[in-house]
Amino acid sequence: MDKYEISKRIENFAPLETAEPWDCSGWGVDNAVKDVSKIMLCLTVTEDVVNQARKQNCEMIVSHHPLFYVPIAWENINIYSAHTNLDKANGGTTDTIIKVLGLDKYMIHIEHDFLRIIEFKEGVSVKEFSQIISIKFPYARLVNNRHETILNRIAFCAGSGSEFISEAKILGADCMVTGDLKFHTALDSEIVVYDIGHFDSEILVLPVLQSLIGKDVEIIFAKENSPFSPVC
C-alpha cells in the first residue's frame, strides 16, 4: 500500500493544518520506501518501539506523539505522527475516553479545540463518578479541594490538559478529567479534577488509528507501557 494513502486517510479524519503551530505532527521520517505492507502503531516512538518494528519487518510506524528530533539510526523506517490534530478531531483522542467510559450520550457541543464536556442534568455524585472512572483507570487520582459531592458538567482533555482547567470552569464545568496534573495546579484548582495519567488517557486512541488505516496492510500494536508503575 502506498504510504501516502495511509497518511491521507489519517489526515482526512484529523487534518494536519489543525495541529498546533509548535506541533511536529506529520512525517517525522519520510524515506525512499514508499510501498508499505506492515505498520506498527504506538503511542510514543522510542528506541524499543523502533527495534520492535524492525524485528517484525514493519516498513512504517504510526504514532500519536511526534518526534521533535530524529536519531540518525531511525532514518531507515518511515515514521508518521498525528498529535494535536488527532486530539482536536471529532472522534479523536479525547472523544475516545468519553466513549470508552460509556458517557458519549451525555456529550454537549462547545466551541473549544481540545475540551469536550458532558452534562448530567440530574447530577452525579463524586463517589459514583469515581467508580465510573476507576473501572477503566484504576490508578486515577482525585483532587477535590472544595469537598464537592455532586457533579453536573464534566470537561475532558486527553493527555496533559491541566492548562485548560480555568477554561473548563468558565465553560461551566465543575469537574475535569485529564492527565499529567502538577502539584500546584492541583492545589489551586477550584473544580474537581481526575488525573487519569497521560499514557492511560491516550493509548486508547490507537484502535481509532487502526480503523482509519484500514485492512489493506497488516497492523501490529507495539508493546509499550506507562513509565509509571505501582510500588507494590
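Modeller: Contact means heavy atoms within 4.5 Å, and the helices (H or I, at least four residues) and strands (E, at least two) are DSSP runs numbered from the N terminus. This is a predicted model in which local features need pLDDT of at least 70, side-chain atom pairs count only at pLDDT 80 or more, and totals for chains, interfaces and linings use all residues. Residues are numbered from 1 along each chain as its sequence is written, and side-chain values use heavy atoms, with hydrogens and water left out.

Colleague: Within what arc do the buried residues of α5 fall?

Modeller: Helix α5 spans residues 126-136, and Val126, Phe129 and Ile133 are buried there (under 20% relative accessible area, against over 50% for exposed and in between for partly exposed; 1.4 Å probe, protein chains only). They line one face of the helix, because down its axis, taking directions from the axis to the C-beta atoms, they fall within an arc of 70°.

Colleague: Which elements are included in what covers the buried residues of α5?

Modeller: On the face turned away from the buried side, α5 carries the exposed residues Lys127 and Ile135. The cover over its buried residues includes β6 (116-125), β7 (141-143), β8 (150-160), β9 (175-179) and β10 (192-195).

Colleague: Is threonine 93 buried or exposed?

Modeller: Threonine 93 belongs to helix α4, residues 93-100. Leaving aside residues up to four places away in sequence, threonine 93 touches His64, Leu86, Asp87, Ala158, Ser201, Glu202 and Val205. Its relative accessibility is 1%, so threonine 93 counts as buried.
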